[in-house]
Amino acid sequence: MASLITAVRSKLLQAIRSVNPPGRWKILVVDEHSQKLLGSVLKQFDILEENVTLIESISSHREPQQFEAVYLLMPTTQNVNRIIKDFSDGRQQYLGAHLFFVDGLSEALFEQLTTSPAEPHLKALQDLFVNFWANEAQTFSLQSPGLFFNIYSPPRNEAAFKSARSKLEEELRFVSKTIANVCITLNEFPYVRYYMPTHHTPLGPLKPSDQTRAPPPPEGSGRWRTNLARGDAARAYEVADTDFVTKLLAFMIQQNLDEYKRINPEFPKASDPPRPRGTLIITDRSMDTVAPFIHEFTYQAMCNDLLQIDDGTKYMYKFQSSVGSYEDKTATLSDADSVWTTVRHMHMREAIDKLMADFNKFMEENAGFKGEGAASLNDMKDMLANLPQYQEQREKFSLHLNMAQDCMNLFEKHKLPLVANVEQCCATGLTAEGKTPKTLVEEMVPLLDSQEVINANKVRMVALYIQHRDGVPDEDRRRLYQHARLSMADQDAVNSLVHLGVRISRGPSDKDTKKKLKQKICSEDEYELSRYRPLLRTVIEEHSANKLDPTLFPYVKDSPIVLSPAASLKQTTPQTTSLRSAKPSWHKAVRPNVLAENKQRVIVFVVGGMTYSEIREAYSLSTSLNKDIYIGSTHAITPRNFIDDLKVVEIAGVGSRAVPNGVSLAGAHHSYQDFYDEKYFTPDPPTPQRPTLPVPKDSKHFAGKLVKTPSSHSASSASLIGSGTVEKEEKKKKKGLFRF
């Protein structure tokens, strides 16, 4: 299976390697965003190994160099002007320029470059289409949590609908180009499907409004029975009722992919043997508002829920050194950590068993250990302190030992066994025995009253209970808040579920909401506190079995030829929730190496935030369905982040972590390029003043030996001019040459 991290890394390295100047050495020029993107998949050493002698920031003051340069930049007007400036007014910054843009360069900026004074110095120009964050092998993100408010925050008043919608459409255009980048990087031209909710109207700025809806048709036109006879006016008026964020985004993506294919007719390049055409499924957070509240007990999800992990990757913990002292360490949780990738989707109980088994094996093989081995997390802790010679492996085991132990301590401290049981009954509508829960309120109220249960967990229980009941009378909701002693902000978090299409208030005559998408009852051997499966699992399984309702998930344009049931069985795993019963079929499918390399792909994008449970399902279903499944979103969410965002979604995100000042109330920019330029704008530094060099006392002695010293602010202070020896090159590589 193609790893997204590997795919992006290969594209970037290929671009750098493609430049082979006569003098061997070259300079890499980056901007602030491209440098971060580069650093997310490559280490500095890897870049310098490609005969890169210096890495410079295009926004800093740079001295002219006698080397060719590889420009790796965002395609902004500002960067194009900087490139032109490097070769204008008698200035020649480098011997030549090889331009690689992270995203697609617009025709207008291409014209500006090719008609500028820089044109004779341009030796290559290529668009890489890698402007997305490859978080994991099968996971990507835009790292744009603020989009949650653009999508779901209601405009302040009727007059604000038009500008809020135009702003959202502008943001969606950017999202669509990013998703197209993922497809291009994977060499995939997929069918595109999107979620069309049936139980609520469009949300946020897309809510039908007189400001954004087309004028109503003339009176009397409604008497026509057929859609065709009713005319364009009626259809235009009604389209506002189906303008869901998923639909708008899906059509934009299709347009971007069609445009790319028009310019590059060979896309996608043929593979041998041919890979079946994949599908891109666009859904959004409103499809499953249960998953973000549930306590998950698989390792990655539980750690991100209970521990303070920044951006899902950075975790600070106490590390015990060989002398017994404790020191603070910051660990990076990534695909580079083999222990992490092995256990992250296991249930915490299984993850701890696996950690201890691997630790005991490591002790036997490397430390000459004799004895019974570690029987508990505390045993591991004591034994780790006595392994100074295996520093790197000690740190990995110590990290995950700390994380697992902290999670289990919080599991007991916060009464999570009781809390999670209530959550599971609400989410699945069934008890652990498979019966309708009749004592749910009796079990929940003591927990809401308890001071040992933290408020965040009370919010989660109340939100799940209200969804389980499909809304409750206002008086019942008030009593729940009273029992839980929720603050006004916590109450706002629950009340704001209405902005995601959830019914929270219910009258005596209200009927149940009819939802076409329902969770399947999972019959696998399972843990009682992990019975709920995200709805995304059902969507992917039903899509793979050709059973996904086409009215709920229509195709934008092309749709695959639906195979007969007999033919379908040859293509995919029989749709069953038990792996045991499916084993003969899927086991045969993965045996040949060739088939394993060219599995059909499913790319899922969740607008408004994906949960770690949904990420886990993508990996799990890749194995059980024998497909390559990738999942992406605007950002990854934890229950804590989701609740915090719900607290302020009513006020456009003011006070949120993502957009403290709230989303911009201004409408869309004059053009998409203006929007893009503002998004990746970096200020130019002031023109540096050369410092006056002090004259040595013994000036006669130094006469004739003074060398021009580059100013201290110069990014080119590590220039290799005048040396040329390999020894000096190696020293400079070791020093680290990211200079901004």
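Reply: Let's begin with helix 1 (residues 4–17) and helix 7 (residues 161–185), which pack with their axes 10 Å apart at an angle of about 85°. This is a predicted model, where local features need pLDDT of at least 70 and side-chain atom pairs count only at pLDDT 80 or more, while totals for chains, interfaces and linings use all residues. Residues are numbered from 1 along each chain as its sequence is written, and side-chain values use heavy atoms, leaving out hydrogens and water.

Me: How are helix 1 and helix 7 oriented to each other?

Reply: Their packing angle is about 85°. Angles of 65 to 115 degrees count as roughly perpendicular. Helix 1 and helix 7 are therefore roughly perpendicular.

Me: Which residues of helix 7 meet helix 1?

Reply: From helix 1 come Leu4, Ala7, Val8 and Lys11. Contact here means heavy atoms within 4.5 Å. On the helix 7 side, the partners are Val182, Ile184 and Thr185.

Me: What is the handedness of the crossing of helix 21 and helix 25?

Reply: Helix 21 (residues 535–544) and helix 25 (residues 612–624) pack at about 30°, with axes 9 Å apart. A crossing is right-handed if the near helix is turned clockwise from the far one by less than a right angle. This crossing is right-handed.

Key: Axes fitted to C-alpha atoms, helices over the stretch in contact; angles between N-to-C directions. Helix = DSSP H or I, 4+ residues; strand = E, 2+ residues; numbered from the N terminus. Parallel < 35°, antiparallel > 145°, perpendicular 65-115°, else oblique.
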